[in-house]
Amino acid sequence: DGGFPWSLPLLQGLDEMPFTAPVTFLVGENGAGKSTLLEGIAAGMDAVAVGGRDLARDPTLAAARSLAAGFFFTRRRHARIRLFLRAEDVFGFTQRVTGEMAGLEQDAREIAEDIPEGYGRRLALGVVQGQRGAFARSYGENPDGRSHGETFLALLQRRLAPRGLYFLDEPETPLSPSRVLALMALQHQAVRDGSQFVIATHSPILMAQPGAVILEVSAAGVQAVAWGELE
């Protein structure tokens, strides 16, 4: 119908877009469409959203679903896990984890108060405390006490698995330069384990990762560029 995202110049004449490198960066000016392109590819590959709402229901990803419906997606090797992560979703995820932990603590108090001492009480408390302990081991006793960058890296590290396919939208947003280097180290190890990344970014540090392909998104379309050619 000519509406967004099909009105983006980058989609005019875009017939095929192979991803042959373990790490591919999508770069370009704000408004060029790189994040929309990334979201559309993630939707087309049935990736699971980490920290945000489901890709299939998130109203902010309606354009991504429209884009995905217009292309055929295939991958030579099956990915064990397919994940999509936006830095902006991490705060919401942290709030949900904190709320879940608080709810489990309340459940434990109510069980201790309402169920008489015995096997049933111990069993119920064990289940609730075990669930809360799993959250704490994964995200810390106080998830809200971490910085946004620490939470982002911890969440990503927790979800990385061998032979995974990962779509990251501007992951450098909450990260200091040293944390960007930490992210690069995580990616490097994941690539060694057979994983692949497609990342939309503005970070010149991140896009300097050895062996990565850089695709510049602009009104002229999508073209491969060298790091030294970027503004």
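The legends below describe close-up views of a predicted model. Residue numbers start from 1 along each chain as its sequence is written, and side-chain values rest on heavy atoms, without hydrogens or water. In this predicted model, local features need pLDDT of at least 70 and side-chain atom pairs count only at pLDDT 80 or more, while totals for chains, interfaces and linings use all residues.

**View 1. The chain as a whole has 6 helices and 7 strands.** Helices (H or I, at least four residues) and strands (E, at least two) are DSSP runs, numbered from the N terminus. From that end, the order is β-α-β-α-β-α-α-α-β-α-β-β-β. Of the 231 residues, 45% are buried (under 20% relative accessible area; exposed is over 50%, partly exposed in between; 1.4 Å probe, protein chains only). Contact means heavy atoms within 4.5 Å. Among contacts between residues at least 6 apart in sequence, 74% join residues at least 24 apart.

**View 2. Strands β6 and β7 form a hairpin.** β6 covers residues 213–218 and β7 covers residues 221–225. The two run antiparallel and are joined by 5 bridges; strands pair if DSSP finds at least two bridges between them. Between the strands lie 2 residues. Ser218 has Gly221 of β7 as its bridge partner.

**View 3. Thr201 sits in the loop between β5 (196–200) and β6.** Thr201 counts as buried because its relative accessibility is 0%. Its side chain makes a polar contact of 2.9 Å with the side chain of Glu172. A polar contact is a pair of N or O atoms within 3.5 Å; within protein, one must be able to donate a hydrogen and the other to accept it, and residues adjacent in sequence count only if both atoms are side-chain atoms. Leaving out residues up to four places away in sequence, Thr201 touches Phe25, Leu26, Val27, Lys34, Glu170, Glu172, Leu206 and Met207.

**View 4. The largest pocket is lined by 28 residues.** A pocket is an open set of points on a 1 Å grid over the protein atoms alone, where a 1.4 Å probe fits, with protein on both sides within 12 Å along at least five of seven lines; lining residues have an atom within 4 Å of a point. Met17, Pro18, Phe19, Thr74 and Arg75 lie nearest its centre. At least two lining residues come from each of α1 (34–44), β4 (164–169) and β5.
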